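This briefing concerns a single protein structure and is arranged by topic. Please consult the sequence and the three-dimensional view alongside the text.

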Amino acid sequence: MDIIITGAGLSGLSTALSLRRANPFHRITILERSSHYTASSSSSPSSQNNKSYTSHELGAAINVPPSVSRFLCHPERGRGCGLDPLKQKRGDTMEQVGEGLDHSRNEEVWKGGGALWYAHRVDLHEGLLGLVVEMDDDEIGNNGNGEGKEEVNGVDGMDGKRRKGRKGWVRIEGGKEVVAYDPSKPSVTLSDNTVLTADLIIAADGVHSRAPEYILGHPNQPQMLPDPKLNTCYRFLIPTAEIADDPDTKFFLDEDRKEAKVCRLWPDVKGKKRVIAYRCQGGEVFNFVVMLRDETSTAKREDWHAPVSKSEVLAKLSDFHPGILAVINKATDLKRWPLLYRPPIPTWHKDRLVLVGDAAHPMLPHHGQGGAQAIEDGLVLGLCLGDLSSTSSSSPEELERRLQVYEKIRRNRASAIQVMSNVGFDEEAPRELEGYLKEEGWNGGVPKNMKEVVELEYGPDVVERTVKTMKEEVDAGWEIPRGFFPGFKRQ
């Protein structure tokens, strides 16, 4: 299939990786608004093996929970796409998050285990980017001459024939801002009025994507959160060495105790604020997140990169311990992020336009699930479309069926976590959650404590769910394509 993905963030790259692993004949073009993506050679499909790209990704640390790390980072378990943040010294395994949330018990949540990682967002993005553009011919089922080497769901090249000269590709084009969608053609219109068409358009261009409006018939507008919900987030990074070198802040590292490798939470429920801190980049950097209620906030649009003065942050936290303030005082580049809520939407696709990631389900940061759910979207969508092609054997009706299966696997789960992300781990879950969990078939009910929240968010295995649903809805003999998880011989 000829596929256009709008956006080269975590959801776009994850989707491209899954699509390409599931079907080496897909021809994928990723349109990225940022012009920071640069190629070292011609952008023609025939030169993809010689390409290299520079990541544009910005931001602080990101949560990579067991529900994602089990297939992203652990090839020895048969669920690994090849990314290993620990080996690359891009994250730490957290033993505990806050008071009483101990992730050493992941084995109890999911029988196959799974690590909780905290990686720098840039590191995770660059890791996924490398997997997408450097996929080895042996991994994707080709012998380098455009011939299918391995079967994909039982056939060579989807139609039983080897296809010389029809090898697929992933091409990333920077400086391409999408301003309009047409779900029926399908097509996208760029800011320079160029119109591009494909067999399928996948909108992965984030919370400000215009795609939901073309699916719903109206924009999914952000909503201001009512009191007492926290509506403002400050984010900043501090090098661990700077904390260690100052006698007044060295205490914070707590090197000889368990807290040295955990995510720490300082809640002030009465004051409507909280401070969260954890390490990333192999422990070399501390990531700080401050969330609070600011009655003066009038923001009506999300902005992750708006600068904020250190004096404002320190003033908002003036009643916190002087030791914590001394650590925060070392921050030099602080950002302010207004927390606005967008409710779950009733469908993620229309005709041949489909949503993934924040374009489908923007989430507040309380549970650190935004990136994880985006990666799950990409994994599932790629598998659902794996054995489709541009030939007449893949009718519009069949593509519609696959998009419905994708939504069945993903929408209710992501919507439930979207709703739950309006509150912290230590707060009562919204009752609105009940309807989504019932549709999802979750038997545990609305979580009543931190352990139950972790079981809901970290426990389900999206790969197993995809296999089960594809067998039930599409083909009883459906299996994960060979080579989808490199290094795992039998899938």
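Helices (H or I, at least four residues) and strands (E, at least two) are DSSP runs, numbered from the N terminus. On that basis, Pro-228 lies in the loop between strand 13 (223–224) and strand 14 (232–239). The model is predicted, so local features need pLDDT of at least 70 and side-chain atom pairs count only at pLDDT 80 or more, while totals for chains, interfaces and linings use all residues. Residues are numbered from 1 along each chain as its sequence is written, and side-chain values use heavy atoms, with hydrogens and water left out.

**Overall composition**

- The protein has 13 helices and 22 strands.
- Of the 491 residues in the protein, 57% are buried; buried means under 20% relative accessible area, exposed over 50%, and partly exposed in between (1.4 Å probe, protein chains only).
- Contact means heavy atoms within 4.5 Å. Among contacts between residues at least 6 apart in sequence, 73% join residues at least 24 apart.
- The structure holds zero disulfides, a disulfide being a pair of cysteine sulfur atoms within 2.5 Å.
- Cys-233 is buried, with a relative accessible area of 0%, and Cys-384 is buried with a relative accessible area of 0%.

**Helix packing: conventions**

- Two packed helices are described by the angle between their axes and the distance between the axes.
- Axes are lines fitted to C-alpha atoms, for helices over the stretch in contact, and angles run from 0 to 180 degrees between N-to-C directions.
- Angles under 35 degrees count as roughly parallel, over 145 as roughly antiparallel, 65 to 115 as roughly perpendicular and the rest as oblique.
- A crossing is left-handed if the near helix is turned anticlockwise from the far one by less than a right angle, and right-handed if clockwise.
- For residue classes, Ala, Val, Leu, Ile, Met, Phe, Trp, Tyr, Cys and Pro count as nonpolar, Asp, Glu, Lys and Arg as charged, and the others, Gly among them, as polar.

**Helix 1 with helix 4**

- The axes of helix 1 (residues 10–22) and helix 4 (residues 121–133) come within 9 Å and cross at roughly 25 degrees, and helix 1 is therefore roughly parallel to helix 4.
- The crossing of helix 1 and helix 4 is left-handed.
- Helix 1 contributes Leu-10, Leu-13, Ser-14, Ala-16, Leu-17 and Arg-21 to the contact, and helix 4 contributes Arg-121, Leu-124, His-125, Leu-128, Leu-129, Leu-131 and Val-132.
- By class, this contact of helix 1 with helix 4 has nine nonpolar, two polar and two charged residues.

- Helix 9 (residues 370–384) and helix 10 have axes that come within 9 Å and cross at roughly 165 degrees, which makes helix 9 roughly antiparallel to helix 10.
- Helix 9 passes helix 10 in a right-handed crossing.
- Residues of helix 9 that meet helix 10 include Asp-377, Val-380 and Cys-384, and their counterparts in helix 10 include Tyr-406, Arg-413 and Ile-417.
- By class, the contact of helix 9 with helix 10 has nine nonpolar, one polar and five charged residues.
- Helix 10 (residues 396–420) also packs with helix 13 (residues 462–473), at an angle of about 140 degrees and with the axes 10 Å apart; helix 10 and helix 13 are therefore oblique to each other.
- The crossing of helix 10 and helix 13 is right-handed.
- Among the residues making this contact are Arg-401 and Lys-408 of helix 10 and Arg-465 and Glu-473 of helix 13.
- By class, the contact of helix 10 with helix 13 has four nonpolar, two polar and six charged residues.

**Buried residues of note**

- Arg-70 is placed in helix 2 (residues 66–72) and counts as buried at 1% relative accessibility.
- Arg-70 and Val-463 are 393 residues apart in sequence and 9.8 Å apart in space, C-alpha to C-alpha.
- Pro-430 sits in the loop between helix 10 and helix 11 (433–440) and counts as buried at 19% relative accessibility.
- Leaving aside neighbours within four places in sequence, Pro-430 is in contact with Val-419, Met-420, Val-423 and Val-446.

**Backbone geometry in loops**

- The peptide bond from Asp-227 to Pro-228 is cis, with omega near 15 degrees.
- The peptide bond from Lys-185 to Pro-186 is cis, with omega near -10 degrees; Pro-186 lies in the loop between strand 9 (178–182) and strand 10 (187–190).
- Lys-272, a residue other than glycine, has a positive phi near 55 degrees and is partly exposed, with a relative accessible area of 26%.
- Asp-351 has a positive phi of about 50 degrees although it is not a glycine, and Asp-351 is partly exposed at a relative accessible area of 40%.
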